[in-house]
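Please read the following note with the sequence and the structure open beside it. The points are meant to be checked one at a time.

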Amino acid sequence: MPLPPKAPTPADRARPWVQMKYFTYHPQVYSRMLGGASEDARPGDLVAVYDKDGQRFGAGFFNPSAHVPLRVLHHGQEAVDEAFLEGLLDRACDLREKIASLADKNQTDAYRVIHSDADSLSGLVVDRYSDTLCVEVHSLGIYKRIEKWLPRLHARLGTKRATVRVNPDIARIERISGPATAGDAPPVVKIREHGVRFEVDFASGHKTGFFCDQRENRKMLGEWVKQLGPKTRVADLCCYTGGFSLAAKLLGGAEDVTGVDLDEKSIEQAKRNANMNQARINWIHTDAFMWIRQMLLNKERWDVIVVDPPKFVFDKDDVEGRLKYRDLNGLAIQLAKPGALLVTCSCSGQISEEEFTDIVISAAHHRGRRLQFLAKTGAGPDHPIMSNCPESRYLKLLWARVW
């Protein structure tokens with residue numbers, strides 16, 4: 001059996017370099033797992049990564065003052081340079097255009113182009129909305145290169161404009177100095193998804209006011225509502241800017257659709273989206289918990305109920321957030337007619353599909369109802385998941401009939 005190659009001495013390593021103290025394939029490496037760095041390794045540098053035995057292990061972005069000081073972009077012994085990183089941009093575009101077929105404008109002109117660790121570009125999220133790119137930067141290494149990368153992305157995608165965002169808290173942690181928002185994007189862009197038109201508001205929407213990750217699920221809801229018939233009554237709880245409501249109305253043909261959300265700006269955006277599509281939907285600006293309780297007192301019941309709340313759970317020990325999921329689903333289930341379709345969602349990455357399923361089951365059983373599960377879905381192929389970063393699968397949907 002041949003002996004492993006002799007590890008290079010620190011003086012013979014490719015510079016700048018970082019050495020790991022423990023073995024992991026996870027792309028995000030924390031301080032406790034690092035063994036040292038060369039003196040010339042500066043914040044935001046592309047560095048060679050060596051394992052605990054001193055063997056070449058990969059390459060990544062280094063930022064010693066950050067919460068995540070090392071973001072590994074590539075695992076392997078070959079050298080990695082800036083041209084390699086630009087190749088990762090092309091690889092991400094290839095997935096969307098050639099495999100996921102998202103270049104077909106008849107399907108949509110809004111999708112995720114780069115999904116951070118899942119595309120080996122840790123700290124970078126890029127969404128396309130018509131001819132505009134919405135870029136979210138979470139690391140100094142990305143920030144130092146994004147201005148150079150944008151023309152390459154525009155040339156590849158046929159886009160023209162961009163907005164670049166850095167969360168102020170992330171900018172502080174990563175020590176990013178520069179504008180929190182930059183670029184030449186207009187405040188509003190109009191997009192189309194499966195024939196439905198939406199307005200994307202970069203100026204006031206949460207993130208953008210439109211989430212590409214629910215694209216396939218919105219279409220699926222429309223298909224199921226269509227099978228149930230035009231008399232189907234649909235309640236969209238935490239409707240945000242009306243994606244599921246419009247899918248039920250325009251793709252599913254439901255006559256009676258109600259969208260409920262606490263955020264006033266979201267409801268106003270939902271109304272504009274409905275007006276663009278000449279769709280009549282009942283928009284209710286109120287707290288979903290309070291609205292459900294009132295509907296239960298009124299003895300109102302629905303054929304289809306969608307529950308798509310904002311992120312409730314922010315860490316593994318967040319008990320309060322988990323109780324919110326249980327309480328909201330328990331209330332929503334009581335609105336269901338026997339045999340009604342429940343579509344319930346979680347975008348909390350700290351909750352697994354198994355735990356979310358257990359929460360929803362517990363909520364149903366506590367109220368004397370039973371669930372007949374039909375499907376479990378998540379985000380589309382433009383939101384891939386790498387095997388070494390399973391938490392990239394944050395979105396989970398359960399489809400069930402309520403008995």
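This is a predicted model: local features need pLDDT of at least 70, side-chain atom pairs count only at pLDDT 80 or more; totals for chains, interfaces and linings use all residues.

1. Residues are numbered from 1 along each chain as its sequence is written, and side-chain values use heavy atoms, with hydrogens and water left out.

2. The count comes to 28 salt bridges, where a salt bridge is a side-chain nitrogen of Lys or Arg within 4 Å of a carboxyl oxygen of Asp or Glu. One of the pairs joins glutamate 86 to arginine 152, at 3.2 Å from N to O. This pair links distant parts of the chain, since glutamate 86 lies in helix H1 (residues 82-99) and arginine 152 in helix H2, 66 residues apart; helices (H or I, at least four residues) and strands (E, at least two) are DSSP runs, numbered from the N terminus.

3. Glutamate 86 is buried, at 14% relative accessible area, whereas arginine 152 is partly exposed at 33%; buried means under 20% relative accessible area, exposed over 50% and partly exposed in between, with a 1.4 Å probe and protein chains only. Both residues belong to a network of salt bridges that also includes Asp90, Asp94, Glu97, Lys98, Lys148 and Arg156.

4. A salt bridge of 2.8 Å, N to O, is formed by the side chains of aspartate 119 and arginine 96. Aspartate 119 sits in the loop between strand E7 (110-115) and strand E8 (124-129), and arginine 96 in helix H1, 23 residues apart. Aspartate 119 and arginine 96 are both buried.

5. Aspartate 236, in strand E14 (residues 233-237), deserves a separate look. Aspartate 236 is buried yet has no salt bridge, and the nearest side chain of opposite charge, arginine 218, is 8.9 Å away; Lys and Arg count as positive and Asp and Glu as negative, with His and the chain ends not counted. Its side chain does make a polar contact with the side chain of serine 245, at 2.7 Å, a polar contact being a pair of N or O atoms within 3.5 Å; within protein, one must be able to donate a hydrogen and the other to accept it, and residues adjacent in sequence count only if both atoms are side-chain atoms.
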